[in-house]
Amino acid sequence: MREADWSKVLGWPGYRVYRHEIDEPGKRLKLWVRRKRGNRKLICSGCGRKLAEAYDSYEREVRDLPCFEFRTTVVVELYRVRCPDCGVKTEKVPQLPSKAPFSKRFEEAVGLACESAAVRRVARQFGLASSTVRAIDVRYLSRWSEGRRKPALRHMGVDEIYLGKKQKFLTVVSNLETGEPLWFGGERKKETLDEFFEKHLSAFQRSAIRAACVDMWEPFRQSLEQWVPECRIVYDKFHILQHASQAVDEVRRAEFFRKGGAARDLVRGKRWLLLTSWLNLDRGKRRQLSALFALNRRILKAYLLKESLSRLWDYSYETAMLRYLQKWIDQLRWQRLKPMEKLAGMLLGHLEGILNYCRTKVPMGVVEAVNGNIKALLRRGRGYRDMNYLLLKAQRLAATKTEFVAFQKAA
Ligand SMILES: [Zn+2]
């Protein structure tokens, strides 16, 4: 094969192959390339200025896509320029986006493979170290992120993820309209969310935020009030129902300790059943729960209250929603269900944000879906120590919608 043919096979725009070497037993191909004669415009890698004169030249070796079964290395002749602004700098070459020894399209192939497989598997497939694959993936995702238009933030979600005893909480800010996470913050204090508003949004961007879907968590409310006073706070349905589930569980535990002997066995291990909605239980599970309810009216009552609370969001008029909530609270009278009474107090204390759902229809469940996707990534990746990597990964996931399992479940 002639050098001109190798240039065609390689297909680097503006470059030609002037030498090649084939190591047949080792299945390796090495190509030496330099600029084509007409390609003389040099670009400063510091500032992007176009320059005509080269200062000096050097060689760089990068791994490119394989040619059939041959692992391919390209040795590129590169120039340095003397830029009036930056001094002596290397030229910018589109095929070589970073200082790492890989071509752009090689990094893209690795990044793409990382979208559907674990890092360890990709590392094996390409014969690279896991740390190298991760670094390539971060660059691949960063380039994608920098190159795309970011939609305006009008409906935001704020949620937290529990990471474990050591790292505690991660605050997640998301765009509810696109279903993608925008920012991660350590901890879940007022200062955490303050940082997002202060450092990552302009005053104009802040003024565009119409609604925020949050948990009934005071520090977040305070931060929202300070930075986006015009924004409507809408308390998330799923969080409120989580509190309701916790209340049911507290009733169950209290009953477990109140009753002795045989009745205890009936209450034991029913936690999961009680937290599941009736609609999602099969016949056997329903029978188990019914047996429990027959013996314990209090648990039955608490369960029914939790189930009926979820219908609060069926109402789209404030007065109707308020009436339903009032009736729901009325049912608590004489029931002696302390955890449920506490929940009712909490709901009354956050009434405005609950009723705001009727004024601003934010998509409920998106916060949960974003959360679910991040948790799935964490489970699969086993320890994203680099939170920026995790964020990019979750954003890409949301943008390509390759794995919106939780999203479908929540809708
Ligand atoms: Zn420059």
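Biologist: What should I know before I start reading off residues?

Modeller: This is a predicted model, where local features need pLDDT of at least 70 and side-chain atom pairs count only at pLDDT 80 or more, while totals for chains, interfaces and linings use all residues. Residues are numbered from 1 along each chain as its sequence is written, and side-chain values use heavy atoms, with hydrogens and water left out.

Biologist: OK. How many helices and strands does the protein chain have?

Modeller: There are 18 helices and twelve strands in the protein chain. Both are DSSP runs numbered from the N terminus: helices are H or I with at least four residues, strands are E with at least two.

Biologist: And is the chain compact or spread out?

Modeller: More spread out than a compact globule, because its radius of gyration is 29 Å, well over the 22 Å that the globule rule gives for 411 residues. That radius is taken over C-alpha atoms, and the rule is 2.2 Å times the number of residues to the power 0.38. Along the principal axes, the C-alpha atoms fill a box of roughly 90 × 50 × 35 Å.

Biologist: How much of the protein chain is buried?

Modeller: Buried residues are 46% of the 411. Buried means under 20% relative accessible area, exposed means over 50%, and partly exposed is in between, using a 1.4 Å probe and protein chains only.

Biologist: Is Cys-83 buried or exposed?

Modeller: Cys-83 counts as buried, because its relative accessibility is 4%. Cys-86 sits at 30%, so that one counts as partly exposed.

Biologist: Now the sheet with S8 to S12. In what order do the five strands come?

Modeller: The order is S10-S9-S8-S11-S12, in an open sheet with mixed pairing. S10 (180–186) and S12 (232–235) are at the edges with a single partner strand each, so one side of each has no neighbour in the sheet. Direction ignored, neighbouring strands are turned by 25° against each other on average. The angles use axes fitted to C-alpha atoms, for helices over the stretch in contact, and run from 0 to 180 degrees between N-to-C directions.

Biologist: Which strands does helix H5 touch?

Modeller: Helix H5 (residues 190–200) packs on the sheet against S8 (155–164), S9 and S10, and its direction makes about 120° with that of S10. Contact here means heavy atoms within 4.5 Å.

Biologist: How does S9 connect to S10?

Modeller: S9 (residues 168–175) runs antiparallel to S10, with six bridges joining them. Two strands pair if DSSP finds at least two bridges between them. The two form a hairpin with four residues between them, and Gly-179 in the turn has a positive phi of about 70°. Val-172 has Phe-184 in S10 as its bridge partner, and Asn-175 is opposite Glu-180.

Biologist: What about S11?

Modeller: S11 (residues 211–214) pairs in the parallel sense with S8 over three bridges, and with S12, also parallel, over four. Both of its faces are covered: Ala-211 and Cys-213 are buried on one side, Ala-212 and Val-214 on the other.

Biologist: Last one: where is Arg-333?

Modeller: Arg-333 is in the loop between helix H13 (318–330) and helix H14 (338–349). At 51% relative accessibility, Arg-333 counts as exposed. Leu-295, in helix H11 (residues 283–295), is exposed too, with a relative accessible area of 55%.
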